[in-house]
Amino acid sequence: AAMTAAAAQMVGLTGADPNDIDYTAVGAAVTTLSSNLTELSKGVRMIAALQGSSHDGDKLLEAARGLAGAVRSLLMSAEPANVEDRKALLDAAAELGISGTRLMI
């Protein structure tokens, strides 16, 4: 939930004129994403190792990789050089939400 909230915060904060963006707040959202992704990856690896079925563990790891890729896309689309491409940012945020859901299923 914290990762989705941080993604939403990034979308909201970067919607302003590039000269008016609160980069400190955007940085805080990036930090939230990064720290939560680090903790998530530790937990996912442990849970995958404890799964009774290697297939279930593999599915969990694949979902986590998808979420990590979505975070990467979001961060790349939020770079100041890419701030003009709003659609890419919105698409990346949507993919993060979808990937997070896949991880929970």
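Which residue forms a salt bridge with Asp91, and how far apart are the closest N and O atoms?

Reply: The model is predicted. In it, Asp91 forms a salt bridge with Lys87, and the closest N and O atoms are 2.8 Å apart. Side chains of opposite charge can pair when their charged atoms come close. Both Asp91 and Lys87 belong to helix 4, where they are four residues apart, about one turn of the helix. Their exposure can be compared with the cut-offs: over 50% relative accessible area is exposed, under 20% is buried, and in between is partly exposed. Lys87 has a relative accessibility of 55%, so Lys87 counts as exposed. Asp91 has 40%, so Asp91 counts as partly exposed.

This pair belongs to a total of four salt bridges in the structure. Another one joins Glu95 and Arg102, with 3.3 Å between the closest N and O atoms. Glu95 is partly exposed, at 32% relative accessibility, and Arg102 is partly exposed too, with a relative accessible area of 48%. A further salt bridge is formed by the side chains of Arg65 and Glu62, at 3.4 Å from N to O. Arg65 and Glu62 are three residues apart in helix 3, so about one helical turn separates them. Arg65 has a relative accessible area of 52%, which means that Arg65 is exposed.

Next comes the packing around helix 4. Two packed helices are described by the angle between their axes and the distance between the axes. Helix 4 covers residues 86–104 and packs with helix 3, residues 54–77, at an angle of about 160°, the axes being 8 Å apart. Helix 3 is therefore roughly antiparallel to helix 4, since angles over 145 degrees count that way. The crossing of helix 3 past helix 4 is left-handed. On the helix 4 side, the residues that meet helix 3 include Ala88, Leu89, Ala92, Leu96 and Leu103. Glu95 and Arg102 are also among them. From helix 3, the contact includes Leu60, Leu67, Val71 and Leu74. By type, the residues of this contact are 13 nonpolar, five polar and two charged.

Helix 3 has other neighbours to consider. Helix 2 is made up of residues 23–50. The axes of helix 2 and helix 3 come within 10 Å and cross at roughly 170°. Helix 2 is therefore roughly antiparallel to helix 3. Among the residues of helix 2 in this contact are Val30, Leu33, Leu37 and Arg45, while Leu60, Leu67, Val71 and Leu74 are among those of helix 3. The contact of helix 2 with helix 3 has 15 nonpolar residues, one polar and one charged.

Helix 1, residues 2–13, packs with helix 3 at an angle of about 20°, and their axes are 11 Å apart. Helix 1 and helix 3 are therefore roughly parallel, and their crossing is left-handed. Met3, Ala7 and Met10 of helix 1 meet Leu67, Val71, Leu74 and Leu75 of helix 3. This contact of helix 1 with helix 3 consists of seven nonpolar residues, with no polar and no charged ones.

To return to the part you asked about: Asp91 pairs with Lys87 in a salt bridge, and both residues lie in helix 4, which packs with helix 3.

Terms used:
Residues are numbered from 1 along each chain as its sequence is written. This is a predicted model: local features need pLDDT of at least 70, side-chain atom pairs count only at pLDDT 80 or more; totals for chains, interfaces and linings use all residues. Side-chain values use heavy atoms; hydrogens and water are left out. Axes are lines fitted to C-alpha atoms, for helices over the stretch in contact, and angles run from 0 to 180 degrees between N-to-C directions. Helices (H or I, at least four residues) and strands (E, at least two) are DSSP runs, numbered from the N terminus. Angles under 35 degrees count as roughly parallel, over 145 as roughly antiparallel, 65 to 115 as roughly perpendicular and the rest as oblique. A crossing is left-handed if the near helix is turned anticlockwise from the far one by less than a right angle, and right-handed if clockwise. Contact means heavy atoms within 4.5 Å. Ala, Val, Leu, Ile, Met, Phe, Trp, Tyr, Cys and Pro count as nonpolar, Asp, Glu, Lys and Arg as charged, and the others, Gly among them, as polar. Buried means under 20% relative accessible area, exposed over 50%, partly exposed in between (1.4 Å probe, protein chains only).
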